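Could you walk me through this model in the viewer, one selection at a time? I would like to know what to pick next and what I will find there.

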Amino acid sequence: MTESSTERDPESVSRFVEHFAAQLVEAGMPRMPSRVFGALLASDTGTLTSAELGEQLRISPAAVSGAVRYLAQVHMVSREREPGSRRERYRVHSDQWYEALTNREAIIKRWEDALRDGVASLGADTPAGRRLAETLAFFEFIERDVAEMMERWRAYREERFG
């Protein structure tokens with residue numbers, strides 16, 4: 001692997017990757033993408049090739065490919081072509097949480113639109129309409145707080161990490 005000169009115990013890294021992946025799986029993320037994300041997060045460079053991921057996690061190229069496809073779709077990693085090579089490197093960015101949350105925000109907006117349509121279709125005075133209206137209000141409440149929180153995060157991150 002092409003990590004920095006700081007030597008780390010591979011077993012300790014593996015324990016972190018598997019523990020963090022287990023937390024992501026508990027939260028609903030598929031297992032293999034969780035492991036790949038954990039490995040990328042734990043790498044000093046934030047980038048690994050398919051071969052490096054396969055070797056570190058002891059998984060097949062197909063498993064790496066499927067995991068990376070999932071992670072790219074949810075904006076948690078990006079693919080980069082190595083200059084002068086056909087090999088791709090997969091990168092986790094320092095703002096991956098912001099990107100993932102921002103992507104979720106777009107999804108929530110679509111849910112809100114669908115819920116508004118549902119309230120109108122089912123009738124605001126019906127039990128189902130009231131349930132949809134309450135769900136809509138919840139998402140609107142969360143969305144407002146997430147937007148404010150992300151502004152605070154950007155300021156905090158700039159202050160702390162430059």
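This is a predicted model: local features need pLDDT of at least 70, side-chain atom pairs count only at pLDDT 80 or more; totals for chains, interfaces and linings use all residues.

Here is a short tour, from the domains to the sheet, the core and the salt bridges.

Stop 1: Start by colouring residues 10-93 as domain 1 and residues 104-161 as domain 2.

Stop 2: Now select residues 47-49, 78-81 and 88-91, which are strands S1, S2 and S3. Together they form an open sheet of three strands in the order S1-S3-S2, with antiparallel pairing. S1 and S2 are the edge strands, each pairing on one side only. Look along the sheet and you can follow its twist, which averages 35 degrees from one strand to the next. Zoom in on S2 and S3, where the antiparallel pairing runs over four bridges. Show Glu80 here too: across from Glu80 stands Arg89 of S3. Keep Arg89 displayed for the next stop.

Stop 3: Is Glu52 buried or exposed? Glu52 is buried, with a relative accessible area of 11%, and Arg89 is buried as well, at 14%.

**Stop 4: the nonpolar core.** Next, select Val36, Phe37, Leu40, Leu53, Leu57, Leu71 and Met76. These residues have the most contacts inside the largest nonpolar core, a set of 24 residues. Helices H1, H2, H3 and H4 (61-73) are the elements that give two or more residues to this core. Which helix gives the most? That is H2, with five residues. Centre the view on Phe37 and show its surroundings. Beyond its neighbours within four places in sequence, Phe37 is in contact with Phe20, Leu24, Met29, Leu71, Met76, Val77, Val92, Gln96 and Trp97.

Stop 5: For one of them, select Arg8 and Asp44, whose closest N and O atoms are 3.6 Å apart. Arg8 sits in the segment before H1 (10-26) and Asp44 in the loop between H2 (31-42) and S1, so the pair ties together parts that are 36 residues apart in sequence. Both partners are partly exposed, Arg8 at 35% relative accessibility and Asp44 at 40%.

**Stop 6: helix H6.** Move on to Arg154 and Glu151, whose side chains meet in a salt bridge at 2.2 Å from N to O. These two are three residues apart in H6 (residues 127-161), and about one helical turn separates them. Arg154 is partly exposed, with a relative accessible area of 33%, and Glu151 is also partly exposed, at 48%.

**Last stop: a network.** Finish by selecting Glu112, Asp113, Arg116 and Glu140, which are linked in a network of salt bridges.

Notes. Residues are numbered from 1 along each chain as its sequence is written. Side-chain values use heavy atoms; hydrogens and water are left out. Two strands pair if DSSP finds at least two bridges between them. Axes are lines fitted to C-alpha atoms, for helices over the stretch in contact, and angles run from 0 to 180 degrees between N-to-C directions. Domain bounds come from an automatic or database domain assignment. A salt bridge is a side-chain nitrogen of Lys or Arg within 4 Å of a carboxyl oxygen of Asp or Glu. Buried means under 20% relative accessible area, exposed over 50%, partly exposed in between (1.4 Å probe, protein chains only). A nonpolar core is a set of buried Ala, Val, Leu, Ile, Met, Phe, Trp, Tyr and Cys residues joined through side-chain atoms within 4.5 Å. Contact means heavy atoms within 4.5 Å.
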